[in-house]
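Please open the structure in your viewer and keep the selection tool at hand. The stops below say what to select next and what is there.

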Amino acid sequence: MRRGRSRPVAAGPQLRYPPAAFPPMRLSRYFLPLLKETPATAEIVSHQLMLRAGLVRQVAAGIYAWLPLGLKVLQRITDIVRREQERAGAVEMLMPTIQPAELWRESGRYDAYGPEMLRLTDRRGRELLYGPTNEEMVTAIVRDGIRSYRELPLTLFHVQWKFRDEIRPRFGVMRGREFLMKDAYSFDLDEAGARASYEAQFLAYLRTFAAMGLRALPVRAPTGPIGGELSHEFHILADTGESELFYDAAIDEVDLADPDAPQRLRGLYAMEAEEHARAARCPVPAERLARRRGIEVGHIFFFGTKYSAALGLALPGPDGRTITPLCGSYGIGLSRLVGAIIEASHDSAGIVWPDAVAPFDVGLVNLRPDDPVCTALADEVERRLTAAGRSVLHDDRDLRAGEKFASMDLIGLPWMVTVGPKGVAAGVVELKRRATGERHELSVESLLARIGA
RNA sequence: CGGGGAGUGGCGCAGUCCGGUAGCGCAUCUGCUUUGGGAGCAGAGGGUCGCAGGUUCGAAUCCUGUCUCCCCGACCA
């Protein structure tokens, strides 16, 4: 191809992009290594199920490969987070995993961070690190890219892998060394603006977790000298959660659709057990004090000029005086969320994915792939569900019914559609809801009416 | 990093104390019979026992070193 001269792309059917929104996936061609037995190294249920359901494979302590099915979940979670971040006015970018040590010397954190930071040296002897977070970098980028106070406020976010060399990684992806995180950073001219940016993220978090079908509790987190009351952790409630939470049961009554829900939630008591014990007195009457376990999946906080001052981010304000922007950062542990969701939603047979984050909407089981009539019907169901916008994982393998059902239960897709010899003559298939176990025999038309939109 | 435990076919384990040339279940492959909730029978393949030294006629087994993984604790999204 010659350079410097554009030529029109030849139009032709072979260049047209296929229109299917969700190409169906055949299990016979997929990579889904399921384990019948529980690996001895996995202690908690989410880790066990993630290994058994073929979501991840451990590569080293706290480091995981994401297999196709696990990646789907991670992507669905990321999509929801991205949508809600953009809705809250944050702008996406992407910063690298590797950062120069010099940047961290500017903030003084290079020495402060300790062995948890993975340090590297390149061939020229330059000191690098695998980023555990990005405050320094984003602050430097904004410093170098902003010329006027008029360009603020600004909230940037990215989704990127991070590395913290935990002393003891555990609980599978819940406490890995390498983890995927959404982190957002806000830059404001004054405290009122910073507070508004914080509020916007607080609301975005409520919406994000609700959109995933999760119950998330905002918990007041201890702050440093600058943070004031502007720091919250978001916990997914799960009986197996790592932290114990005490909160005002009135929180359970708050309607998230209500515009003043964030305000109400912020006013209601919720603390981690350790903080709760430390508090002078609990403002919640005993009969309203709820106690549950949770998994921290998000953390937002305001830290003022800590990094902007250290890195020399300053702008001339409208009156000519220098403004050092006020900043906050807002994290969601995306890979950890996968584990947290499973902790919150599983049963003895396997995972029970909430609809919004399931790797596929429907598991389609053809009980007789060698029977042309069953196969024709299964193919039709696949085609029509796909056309209706549902993602379908089609089990076309020649295996026994029990094994196929058990596999579907294990991977936890919200719906299972079974096409088999019993129903095929009458033109009916069986629909099963994973969460409840409820089953119905339906015609293909009724099936589409039920789950086809 | 302190304390504890474990490395033996893909997975789960036995064998280690009392050295004698590796075994069980599941999975895999072949055949037949089965076929709507992890089938039955018959046969087959697959392991330098984490690694490196040492002791011994002989080491999965004893000794020394080393690496890795897991659990409890402090730490953390």
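Begin with RNA strand B and the atoms of it that lie within 4 Å of the protein: 45% of these belong to sugar or phosphate, and the rest belong to bases. What you are viewing is a predicted model, in which local features need pLDDT of at least 70 and side-chain atom pairs count only at pLDDT 80 or more, while totals for chains, interfaces and linings use all residues. Residues are numbered from 1 along each chain as its sequence is written, chains are lettered from A and ligands numbered from 1 in the order in which they are written, and side-chain values use heavy atoms, with hydrogens and water left out.

Which element gives the most to the surface near RNA strand B? Helix H12 does, with 7 residues; the elements that each supply at least two residues include strand S2 (56-60), helix H12 (401-411), strand S22 (415-419), helix H13 (421-424) and strand S23 (428-433). Helices (H or I, at least four residues) and strands (E, at least two) are DSSP runs, numbered from the N terminus.

A polar side-chain atom of Arg168 lies 2.6 Å from a phosphate oxygen of RNA strand B, and a polar side-chain atom of Arg170 lies 3.1 Å from a base nitrogen of RNA strand B. At Gly423 a polar backbone atom is 3.3 Å from a base oxygen of RNA strand B.

Asp409 and Lys432 form a salt bridge, their closest N and O atoms being 3.0 Å apart, where a salt bridge is a side-chain nitrogen of Lys or Arg within 4 Å of a carboxyl oxygen of Asp or Glu. Because Asp409 lies in helix H12 and Lys432 in strand S23, the pair ties together parts that are 23 residues apart in sequence. Both Asp409 and Lys432 are buried, with buried meaning under 20% relative accessible area, exposed over 50%, and partly exposed in between (1.4 Å probe, protein chains only).

Select Asp239 and Arg292 next, whose side chains meet in a salt bridge (3.4 Å, N to O). Asp239 lies in the loop between strand S11 (231-237) and strand S12 (243-248) and Arg292 in strand S14 (residues 289-304), so the pair joins parts that are 53 residues apart in sequence. Are these residues buried or exposed? Asp239 is exposed, with a relative accessible area of 62%, while Arg292, at 31%, counts as partly exposed.

Then zoom out to chain A, which has 14 helices and 24 strands, and where 50% of the 453 residues count as buried. Its C-alpha trace spans about 80 × 75 × 45 Å along the principal axes.

Note on methods. A residue is near a molecule or strand if one of its heavy atoms lies within 4 Å of it. A polar contact is a pair of N or O atoms within 3.5 Å; within protein, one must be able to donate a hydrogen and the other to accept it, and residues adjacent in sequence count only if both atoms are side-chain atoms.
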